[in-house]
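Hello,

Here is the structure I promised to pass on to you. Please open it first, and then read my notes below.

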Amino acid sequence: MEFIDEGYISSLLEEKKLNDPLRQKEIIQKSRDAKGLTLEESAALLNITDPEISEELFHVAREVKETIYGNRLVLFAPLYITNQCVNNCLYCAFRRDNKELKRKTLSLEEIHQEIEFLVKQGHKRILVVCGEHPKKSGMEYIGETIKTIYEVNFNGGNIRRVNANTAPLSIDDFKLLKSFGIGTYQCFQETYHYSTYLQMHVDGPKRDYAWRLYAMDRALQAGIEDVGIGALFGLTDYKFETLAMLSHAFNLDNKFGIGPHTISVPRIEPALNAPVSHKPPFAVDDFSFKKLIAVIRLAVPYTGIILSTRERAEVRRELFKVGVSQISAGSRTSPGAYKESVESMDEHDMEQFQLGDHRTLDEVVKDTCELGFLPSFCTACYRSDRTGDRFMELAKSGNIGKLCVPNALSTFQEYVNDFASGGTKLAAEKFIEREIGSLEGATKRKTEEMIKKVNDGEHDVFF
Ligand code: SAM
Ligand code: SF4
C-alpha cells in the first residue's frame, strides 16, 4: 500500500506555497498541454478558492477534455442483478444488517427482460452491478448474466459492451471474467483513507483494504486491460481522497503502462438504513465537487470520467462542462426495476440509494445535444481491440478523436432512427447536421459514408 502515502498527501495539503494564486495560475496554464499533472500540482489546484481562478480552471478543464475527447458523452445504463450482500458498508442499503431491504437476485429470464427493456430504450452499453455474495453473485452466475445480456437482440438493437462493477476477484476469477467478454472492470476503493476505511467497513470480506486496493493490479495481470477506479465522496476530506485516487492512477500507469480507463466520482446519496448516507461525515458541496472533477481531468487527461444519475440534472449539466466523458441515463438501482417500474411496483424497497436524475434516456439525450454535447453509443474500441495500451496511446496522443467522431455520430444517428421521440429527433437531426458541417477531410468523408449506411438501414456501423 506504499503508493498511497498518507503522510505525503497530508503534507501537501498543509503546504502553504500551494495556496499561492500565482502558482495556481501557472499550473493551470501548464495543464493546457494535456500532458497531466503531478500530485503536488493537483494539490495546488484543489486549494483554489478565488472565483476568478476557479473559472479559469473550469475553462481549461473543458478545453483539455475537448482536445482529447471532443464534445462526446458516452451513455450507459447500470443493471443491478442482485442486492444480496455479505458486507456491511455503513453507507449502502444493500448492507447485510439492513433487514428492511427486500432481497432479490434476478433469474436469467428476468435479466433477459430487463435487457430487452433497456435495448428498446436504445442502450448499447451496460454496467453489471451486484452486491458481494459467494452464492448469489458467484462467477458462474456472472458469466451466465453476461452471456444472456449479449444474446438479447431486438430489431438490430443489442448490447455491445458489458462492463462490470463487482467485488474484487482473484487472478483466476479475473481470467474467467475476461473470458465472459467483459469490457471495463470497475471497483471503487470508496475511501483511500485507511482508518476511515476500517470504520466504514465493519466486517465482511470488504474490510480487507489491501485486497481491494490491489484488485486492479490483479485484473491487469489477468489480462483485463480496461479498469475503472473510483472513490465514494463524502467519507473523508475530498482533497485527500482526490490526491489518493490520483496516486492510484499514477501507480497503475507506472507499473503497467496503462492508467485507469475510467475514474468514477460517486457522491454519497441517502440510502435505506445506511447510517452514514444521511449525514456523510465529509459531504462535498457542489463547488468543491466541480473543482475536483476539473482537477482530475487535468491530472489524467486521457482517462474517462464517469458521472452517474446519483447527481441531479442541473448539477450534471455543470459537470459535463469540466471534463465528464461518460454518463448513465434512465437508471434504476434495484434488481428488476426497469421492467417493474413500468408496472409501477415500489422499487424503493430494494434500491441501493436514491437517484438524483430520474429522466428517461430520451430526455437525457435531447438535453445533452441541446447543451452542445454529442451523445455517443459507440462501443467500437473494445471490439476493434483498441483497449489497454493501444487505447491509452491514442488517447494520450490526442488521436482518439479521429476514430471517435465518425463512430459517435453514426451510433447517435442509429439511436435517432430507431428510438428517438419526435422532439428529440428534431433536436438531434439539427445537431448532427451541424457536427458534420464542422468536420473536414477524411474524417468528414468517413462520417458521411457511415451515416449513409445507417440511414440505409444498416445497424452497428463502426470502425
Ligand atoms: N458490491 C460491490 C462493491 O461494493 O464493490 C459492487 C457494487 S456496489 C453496489 C457499487 C458502488 O456503489 C460502491 O462501490 C459504492 O461506491 C456505491 N455506493 C454505495 N452506497 C452508496 C450511496 N449511498 N450513495 C452513492 N453511492 C453508493
Ligand atoms: Fe455490499 Fe457493495 Fe453495498 Fe458494500 S457497497 S454493502 S459491498 S453492495
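Which polar backbone atom is 2.8 Å from a nitrogen atom of ligand 1? The polar backbone atom belongs to Y91. That pair is a polar contact, meaning N or O atoms within 3.5 Å; within protein, one must be able to donate a hydrogen and the other to accept it, and residues adjacent in sequence count only if both atoms are side-chain atoms.

Before you go further, note that this is a predicted model, where local features need pLDDT of at least 70 and side-chain atom pairs count only at pLDDT 80 or more, while totals for chains, interfaces and linings use all residues. Residues are numbered from 1 along each chain as its sequence is written, and side-chain values use heavy atoms, without hydrogens and water.

Back to the ligand: an oxygen atom of ligand 1 lies 2.6 Å from a polar side-chain atom of E190. For R212, too, a polar side-chain atom is 2.6 Å from an oxygen atom of ligand 1. On its own, ligand 1 has 560 Å² of accessible area, and the protein covers 96% of this (Shrake-Rupley method, 1.4 Å probe).

The shell around ligand 1 holds 9 nonpolar, 3 polar and 6 charged residues; Asp, Glu, Lys and Arg count as charged, Ala, Val, Leu, Ile, Met, Phe, Trp, Tyr, Cys and Pro as nonpolar, and the others, including Gly, as polar.

One more residue to look at is T309, which is buried at a relative accessible area of 2% (buried means under 20%, with a 1.4 Å probe and protein chains only). The T309 side chain makes a polar contact of 3.2 Å with the side chain of S331.

Enjoy exploring!

Notes. Chains lettered and ligands numbered in written order. Buried < 20%, exposed > 50% of the residue type's maximum accessible area, 1.4 Å probe, protein only.
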